[in-house]
Amino acid sequence: PLELAQLYLREIKLLDHETGNYIRSIGFKNNAGGYENRTRTFKGCIGNKSITTLRGKTPEAEGVHLFEGFMDFLSMLVIEDKPRLNDNVIVLNSASLLKQALPLLLQQHYKFVYTWFDNDDTGHKATEAVIKFCEEHPPLQHTAMNSPYADYEDVNDWLVHLIA
């Protein structure tokens, strides 16, 4: 929805130096000032690759929701019919950046960690890493949120099937 796009996304104009053509993409800002970019045919980062942290409505949130990518985060907001969560959000922008996010779980003194990871090997490994981290750092409690979309690749794929 346009309202969510205006809150979280920017239109990015990219120059393809090989062809001289401009490509328009949607961009999602990360913590390093870079933008995660998407078109129908391109998925990548302009600038430095990093996670994205977003504050929820609750000033001292006890929970944090972890997403692999911004499309899954936005899809969850559409499914929940909310422009913003009460808890904080960390979008990894790549499962390989989980190591950047884990220390933040301790710095913010969270109690609850919710993962919305993909239903593939990478998502399962990331979930296992979060479970282990939470076990090593009580009182963190982990909840995997992927049971409603267990038959789909990820949250975005689930949304596509819900609205089809």
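**Close-up views of a predicted protein model**

**Figure 1. Surroundings of T39.** T39 touches I23, R24 and S25, leaving out residues up to four places away in sequence; contact means heavy atoms within 4.5 Å. T39 is located in the loop between strand 3 and strand 4. Helices (H or I, at least four residues) and strands (E, at least two) are DSSP runs, numbered from the N terminus. The C-alpha atoms of T39 and R24 are separated by 7.4 Å, although the two are 15 residues apart along the chain. With a relative accessible area of 23%, T39 is partly exposed; buried means under 20% relative accessible area, exposed over 50%, and partly exposed in between (1.4 Å probe, protein chains only). The model is predicted: local features need pLDDT of at least 70, side-chain atom pairs count only at pLDDT 80 or more, and totals for chains, interfaces and linings use all residues. Residues are numbered from 1 along each chain as its sequence is written, and side-chain values use heavy atoms, with hydrogens and water left out.

**Figure 2. F42 in the loop between strand 3 and strand 4.** Strand 3 covers 35-38 and strand 4 covers 43-46. F42 has 35% relative accessibility and counts as partly exposed. Its contacts, apart from neighbours within four places in sequence, are with L14 and N37. From C-alpha to C-alpha, F42 and S25 are 8.4 Å apart in space and 17 residues apart in sequence.

**Figure 3. The largest nonpolar core, with 19 residues.** A nonpolar core is a set of buried Ala, Val, Leu, Ile, Met, Phe, Trp, Tyr and Cys residues joined through side-chain atoms within 4.5 Å. The members that touch the most others are L66, I90, L98, L105, V113 and V130. Strand 6 (63-67), helix 3 (98-107) and helix 4 (121-136) each supply at least two residues of this core, and helix 3 gives the most, with five. Another core, of 18 residues, lies apart from the largest one and has F67, L74, L85 and Y114 among its members.

**Figure 4. Contacts of V130.** Beyond residues up to four places away in sequence, V130 touches L66, L98, L102, V113, T115, F117 and H142.

**Figure 5. Helix 2 and the residue D81.** Helix 2 comprises residues 70-80, and its buried residues are F70, D72, F73, L74, S75, M76 and L77. Just after helix 2, D81 adopts a positive phi of about 55 degrees.

Figure 6. N93, a residue other than glycine, has a positive phi near 65 degrees. N93 lies in the loop between strand 7 (88-91) and helix 3, where its relative accessibility of 10% makes it count as buried. H109, also a residue other than glycine, has a positive phi near 60 degrees. The loop between helix 3 and strand 8 (112-116) holds H109, which is exposed, with a relative accessible area of 65%.

**Figure 7. The cis peptide bond between P138 and P139.** Omega of this bond is about 15 degrees. P139 belongs to the loop between helix 4 and strand 9 (141-144).
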